[in-house]
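Let's take a walk through this protein together, one piece at a time. Keep the sequence and the 3D view open as you read.

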Amino acid sequence: MASTDTKSTVTIRPTCAADLENIAAVHHESFARQSHSLEWVTATANGYPRMRYFVAQCGSGIVGYVVWAEKSGFRTEVVLELEQIAVLPTYRGQGIGRALVESLLDVNEALRARGARVKAILITTRSDNHAWHLYQSALGAKVQAVITDLYSADEAIMIAADPIAHLAKGAYI
Ligand SMILES: CC(C)(COP(=O)(O)OP(=O)(O)OC[C@H]1O[C@@H](n2cnc3c(N)ncnc32)[C@H](O)[C@@H]1OP(=O)(O)O)[C@@H](O)C(=O)NCCC(=O)NCCS
């Protein structure tokens, strides 16, 4: 079981090839309906720079990850999808998910190098997944639509319209 001060010992960093099996282990542990974790994670990571993984490292272990996906071509005003986020069950509820979402500031810096910036974040999540609290709190995301029975249940489509400003304020609602 992780200790209550885990967040202070966790480092958020971009992924490297050596992380893929560990990311796949977190994926496998977190998403019961999704199979072939290593193949999926490897295929996604191979999409860099359209796809950007960040991991949460605690000691020598990977305890969480987030993957950002650039949508609809390489634009100046970038719409990113927070495609997936997961934290190992024993590390949840300690701020690691929020710290992973804050990696968006690093993505924005990387985009600035090509004269672009993050305009908006798209997120889809099961309507009954508590993760929407994190997206609302950290990014200012709001539910724009609900699609009935998309993957395994109703899926909420959320948009964060000004996520960098929201994150920079460290805003909590
Ligand atoms: C979603 C997930 C990544 C959150 O990670 P986490 O490390 O537990 O999140 P944090 O501790 O940073 O909490 C972030 C916010 O969510 C809220 N939160 C966390 N767990 C919660 C719960 N069970 N119920 C309600 N709110 C919760 C926290 O209060 C916090 O809000 P705040 O920033 O306003 O204080 C994690 O629960 C997880 O891996 N879930 C399984 C995989 C999954 O469903 N991913 C999302 C798919 S869309």
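Strands here are DSSP runs of E with at least two residues, helices are runs of H or I with at least four, and both are numbered from the N terminus. Two strands are said to pair if DSSP finds at least two bridges between them. Strand β2 (residues 51-58) and β3 pair in the antiparallel sense, over eight bridges, and along the way Q57 stands opposite I62 in β3.

Before going further, two notes on what you are looking at. This is a predicted model, in which local features need pLDDT of at least 70 and side-chain atom pairs count only at pLDDT 80 or more, while totals for chains, interfaces and linings use all residues. Residues are numbered from 1 along each chain as its sequence is written.

Now follow strand β3 (residues 61-70) onward. Eight of its 10 residues are buried, so β3 is largely enclosed by the rest of the structure. Buried means that 20 or more other C-beta atoms lie within 10 Å of a residue's own; with 12 or fewer the residue is exposed, in between it is partly exposed, and the C-beta atoms are placed from the backbone. The next partner of β3 is β4, again in the antiparallel sense, over seven bridges. Here A69 stands opposite E81 in β4. This second hairpin has six residues between the strands, and S72 takes a positive phi near 60°.

The pairing continues from there. Strand β4 (residues 77-87) runs parallel to strand β5 (residues 117-126), and five bridges join them; V79 has A120 in β5 as its bridge partner. On to β7 (residues 155-160): six bridges join this strand to β5, and the two run antiparallel. The bridge partner of T125 there is A156 in β7.

Let's step back to the whole chain. The protein has six helices and seven strands, in the order β-α-α-β-β-β-α-α-β-α-β-β-α along the sequence. Its radius of gyration is 15 Å, close to the 16 Å that the globule rule gives for 173 residues, so the protein is as compact as a globular protein of that length. That radius is taken over C-alpha atoms, and the rule is 2.2 Å times the number of residues to the power 0.38. Of the 173 residues, 29% count as buried.

What holds the middle of the picture? The largest nonpolar core has 38 residues, and A56, Y65, V66 and L139 touch the most other members. Such a core is a set of buried Ala, Val, Leu, Ile, Met, Phe, Trp, Tyr and Cys residues joined through C-beta atoms within 7 Å. Leaving out residues up to four places away in sequence, A56 touches a list that includes V10, V63, Y65, V87 and I96. Contact means that the C-beta atoms of two residues, placed from the backbone, lie within 7 Å.

Next comes the ligand. It is surrounded by 20 residues, of which R92, G97, R98, H130 and S137 are the closest; a residue is near the ligand if its C-beta atom, placed from the backbone, lies within 6 Å of it. Elements giving two or more residues to this shell are β4, α3 (96-101) and α5 (131-139), and the largest share, five residues, comes from α5. H130 sits in the loop between β5 and α5 and is exposed, with 9 other C-beta atoms within 10 Å.

Y48 and P49 are joined by a cis peptide bond, with omega of about 5°, and P49 lies in the loop between α2 and β2. H36, in the loop between α1 (20-30) and α2, has a positive phi near 50° without being a glycine. With 12 C-beta neighbours inside 10 Å, H36 counts as exposed. D149 also has a positive phi, about 50°, although it is not a glycine; look for D149 in the loop between β6 (142-147) and β7.

Finally, find W40 in helix α2 (residues 37-45). W40 counts as partly exposed, with 17 C-beta neighbours inside 10 Å. Apart from neighbours within four places in sequence, W40 is in contact with H27 and Q34.
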